[in-house]
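Here is a short briefing on helix packing and charged pairs. Look over the structure, then work through the points below.

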Amino acid sequence: DILEGCMSPLVLSPYSGWVLDRVIGQSAQEIAPSGSSTPKESTPLTNQSSSLEKITSVTDFAHMLSTQGNEDLNLLEMEQEVFPAVLASKVTEVEGCIRMYEEMHRLKGKEGLRQRQEQQEQMVRAVYDLASEQLKRFDELKELKQHQEFQDLQEVMEKSSKEAQGQQEKLKEEHRHRAKVLNLKLREAEQQRQRQEELERLRKEEGQERLRRLYSIQEEVLQLNQQIDPNYRHKDLPRIDLSAYSNRGNQICGLVSGLIRTTSERGLPTQVDVANTERALQEMRGLISSMQQEIAAAVEEKRRRDEEEERQKQKELLKKEQMKAQTPAPAQRSGGKQQKEGLQVKADESTMQWYQQLQDAAEQCVASFSGISNCKDNNEVKKIKTDLQKAATIPVSQISRIAGSQLREIFDKINNLLSGKSVQSGGRTVSVTQHPQGLDFVYYKLAEKFVNQGEEEVASHRDAAFPIAVVASGIWEMHPRVGDLFLAHLHKKCPYSVPFYPALKEGTSMEEYQRMLGYQVKDSKIEEQDHFLKRMSGMIRLYAAIIQLRWPYGNKQGTHPHGLNYGWRWLAQMLNMEPLADVTATLLFDFLEVCGNALMKQYQVQFWKMMLLIREDYFPRIEAITSSGQMGSLMRFKQFLEECLQQKEIPLPKGALQSSFWRS
């Protein structure tokens with residue numbers, strides 16, 4: 001209401017009309033005044049005039065209006081009733097007063113409004129400040145709540161993230177594990193596939209190799225069968241019958257052809273097929289050997305009969321001459337050159353007794369150290385056995401074409417071990433006195449190692465025969481039992497070093513018979529002929545080197561424990577026995593190439609007679625039994641014989657130890 005009173009346009013008071021009507025009415029009464037007015041009546045006018053004068057001041061009038069209120073209105077009514085009329089100027093004055101009152105009232109209202117407005121503004125400012133503070137608190141509270149909610153949300157998100165990350169890591173780990181397992185399975189599958197392919201390739205290669213082996217066996221069987229001629233007629237044996245050998249040879253050829261045909265229909269041959277064909281080949285070889293022995297025996301029998309007939313003729317002729325002369329005369333010895341006795345198919349009885357004595361000695365030696373060889377539970381004895389075997393065999397393996405001083409160190413180490421002294425082996429101290437059976441065990445293993453070196457090292461490197469032989473000879477001279485065991489091992493692995501040709505006895509399997517002949521049989525498979533000849537050659541070369549060498553630092557006054565006389569005996573016995581295809585030519589060539597120079601110096605003229613006998617009589621016998629596929633060794637032997645007889649000299653063998661070797 002105050003604001004409306006202040007802001008609304010200025011209008012007259014609702015009492016203005018009433019005041020004006022009363023003033024106008026009083027003025028009309030005053031226009032015709034009466035002269036009979038009493039002083040009592042003028043007094044109010046005077047009082048009124050004075051009263052009007054008193055309100056000339058606007059401020060006083062406004063103050064009076066403010067203090068008197070309704071009393072002034074009552075006074076005005078009373079005065080209007082007292083005063084009937086007022087002059088127009090007074091009306092104007094009154095109106096001015098009214099307007100002044102209204103102005104004062106308006107100003108007062110405006111002042112009150114201003115104060116009220118200031119108060120209101122202060123109150124609004126206070127309320128605004130309070131509201132601002134409350135809003136700030138609310139915003140802070142809201143912000144705090146939002147921050148807490150955000151913090152909680154962040155924690156929840158971090159927790160969820162950690163859980164998700166952990167789950168993801170777990171899934172990654174499971175994935176890696178599965179991938180690893182899968183890769184492992186794939187790798188195993190790939191390896192399995194590669195192994196299968198490799199096995200298949202190897203199977204095919206082995207099959208092809210076995211097939212080639214079958215074809216070579218078939219070819220050899222056919223070539224051997226061609227040597228059996230049922231219509232064969234020896235110049236001295238016109239009635240000899242070889243039809244049985246021919247029939248059996250044809251049966252063997254048919255058997256081999258049937259095996260190959262069956263194998264071709266089935267695919268690739270198996271090891272059993274190869275073993276069957278090899279047994280057939282060995283049977284064919286045995287058949288040829290039996291035929292040749294029968295022919296040789298028949299020839300020998302025919303020769304003996306011829307000699308007997310010749311002697312009878314000579315006796316009869318001599319008797320006739322004596323009767324003609326009629327004088328007693330001493331019986332003359334039949335003329336003509338004595339022919340060479342028939343060749344043997346078996347070794348001499350004395351040689352076989354010597355061979356059996358050596359084998360019995362080797363078996364007794366094995367029995368003497370059975371406690372150390374058969375020990376399985378005692379770790380200490382097993383360790384002693386291993387140390388002794390290493391101490392005996394490793395030095396022999398180290399022998400090569402090295403300087404003589406180093407060779408002497410090896411000899412001293414072996415000699416000290418056999419003499420009961422302690423030696424160093426593999427960082428350990430070893431002695432044969434560590435076990436009661438240690439010495440016999442070392443004897444046996446050392447002799448076996450020497451033979452193995454000939455079988456392996458000398459077979460591959462022929463020059464190695466001499467350094468190995470000189471050490472073996474020195475050990476043999478100082479420890480004779482080693483030499484006997486060496487011969488036993490040598491004769492067992494190479495029966496031709498006796499010389500001795502084992503016969504096929506009834507009940508002996510073909511595999512066992514092949515082992516008796518010196519062949520290696522593994523998984524029913526007999527080794528190749530070239531490999532067999534190479535091993536036999538290595539052992540014969542080592543034997544030929546041993547019989548001519550002596551340890552230079554030993555006792556030179558004594559004789560060689562197994563010298564050149566044994567080599568001469570071996571050569572003579574070889575020439576007294578029927579030759580074997582491929583084997584005899586190879587071994588004679590190796591023996592004479594290594595030992596021929598020493599035999600030539602020792603036996604001189606007798607040696608050259610032996611060489612002539614080989615060329616004129618024995619070589620044709622070898623040539624007669626040698627097939628076309630076995631001519632290599634025969635031609636090599638023939639060339640060696642011709643060169644030696646032409647030059648009248650046997651050259652020093654390659655790799656022979658000279659004096660400079662020991663000085664180094």
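Helices here are DSSP runs of H or I, at least four residues long, numbered from the N terminus. The model is predicted. Across the whole structure, a search finds 32 salt bridges.

**A pair within one helix**
- R176 and E173 form a salt bridge, with their closest N and O atoms 2.7 Å apart.
- Both residues sit in helix α6 (residues 88-226), and they are three residues apart, so about one helical turn separates them.
- R176 is partly exposed, at 44% relative accessibility.
- E173 is partly exposed too, at 43%.

- E220 pairs with R285 in a salt bridge, the closest N and O atoms being 2.8 Å apart.
- This pair links distant parts of the chain: E220 is in helix α6 and R285 is in helix α8 (residues 271-325), 65 residues apart.
- E220 and R285 are buried.
- E477 and R550 also meet through their side chains in a salt bridge, at 2.7 Å from N to O.
- E477 lies in helix α14 (residues 465-478) and R550 in the loop between α17 (529-546) and α18 (564-575), so the pair ties together parts 73 residues apart in sequence.
- E477 is partly exposed, with a relative accessible area of 22%.
- R550 is partly exposed, at 27% relative accessibility.

**A network**
- Salt bridges with shared partners join E455, K493, E527 and R535 into one network.

**Two helices in contact**
- The axes of α11 (residues 379-397) and α13 (residues 438-460) come within 9 Å and cross at roughly 35°.
- Their crossing is right-handed.
- The residues of this contact divide into seven nonpolar, five polar and three charged.

Definitions and conventions:
Residues numbered from 1 in each chain as written. Predicted model: local features only at pLDDT ≥ 70, side-chain atom pairs only at ≥ 80, totals over all residues. Heavy atoms only, no water. Axes fitted to C-alpha atoms, helices over the stretch in contact; angles between N-to-C directions. Left-handed = near helix turned anticlockwise from the far one by under 90°. Nonpolar A, V, L, I, M, F, W, Y, C, P; charged D, E, K, R; others polar. Salt bridge = Lys/Arg side-chain N within 4 Å of Asp/Glu carboxyl O. Buried < 20%, exposed > 50% of the residue type's maximum accessible area, 1.4 Å probe, protein only.
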